[in-house]
Amino acid sequence: MSDDYVHSILDELGTVLDSDKREAAISYFRSIAPRADEISTWSMETLEFILCGANFGTITCPSCGGAFAADCWNDRMDSDVSEAGFTLTRRAMPCCGAEFTLHDLAYEWPQGFAPSGVRAMNPNIGKLSDEQRARFESIIGCRVRVIYEHL
Ligand SMILES: [Zn+2]
């Protein structure tokens with residue numbers, strides 16, 4: 001058995017997912033994915049890395065499109081963590097010197113860092129449309145990044 005999660009994570013640091021937004025986001029998710037096994041929200045004190053699991057593919061530089069090797073990325077993940085969690089420090093890319101945080105990198109499939117988000121387990125709805133993403137953004141009040149996690 002494998003499970004799929006669709007996550008909408010807050011893409012702007014400092015935005016808070018309060019209880020009204022949580023309820024509205026869950027009820028909207030339920031309306032577009034009525035057969036999901038579970039729909040929930042989460043919030044953490046520190047940034048969580050939401051990964052795409054088995055959908056993990058390539059990582060590239062948003063500036064020049066150069067490939068970013070997995071071992072470089074692992075090193076950067078290790079060095080980005082402090083006692084307070086991920087710091088998302090901007091660092092120069094080996095390909096072209098442009099500076100990005102781990103959250104800025106181009107992940108195929110998307111992944112990212114957030115203190116909170118909404119997720120649906122086995123929603124069976126494929127990918128969210130632009131309209132559905134826009135709806136989440138208006139409910140939550142900031143940009144969201146949609147992550148498809150396959151376990
Ligand atoms: Zn580059």
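In which loop is Trp109 found? Trp109 lies in the loop between strand S8 (106-107) and strand S9 (112-121), where strands (E, at least two residues) and helices (H or I, at least four) are DSSP runs numbered from the N terminus. This is a predicted model, in which local features need pLDDT of at least 70 and side-chain atom pairs count only at pLDDT 80 or more, while totals for chains, interfaces and linings use all residues. Residues are numbered from 1 along each chain as its sequence is written, and side-chain values use heavy atoms, with hydrogens and water left out.

The peptide bond that joins Glu108 and Trp109 is cis, with omega about 0°. Asn122, in the loop between S9 and H3, has a positive phi, near 45°, although Asn122 is not a glycine. Most residues other than glycine have a negative phi, and most peptide bonds are trans.

The zinc ion is coordinated by the SG atoms of Cys61, Cys64, Cys95 and Cys96, at 2.3 to 2.4 Å; donors are N, O and S atoms within 2.8 Å of the metal (3.2 Å for Na, K and Ca). Along the sequence, these donor residues follow the spacing C-x2-C-x30-C-C. The four donor atoms subtend angles of 100 to 121°, so the arrangement is tetrahedral, a term for four donors with all angles between 85 and 135 degrees.

Helix H1 (residues 19-32) packs against helix H3 (residues 130-140) at an angle of about 160°, with their axes, lines fitted to C-alpha atoms over the stretch in contact, 9 Å apart. H1 is therefore roughly antiparallel to H3, as angles over 145 degrees count.

Key: Axes fitted to C-alpha atoms, helices over the stretch in contact; angles between N-to-C directions. Parallel < 35°, antiparallel > 145°, perpendicular 65-115°, else oblique. Tetrahedral: all angles 85-135°; square planar, octahedral: opposite > 155°, others 65-115°.
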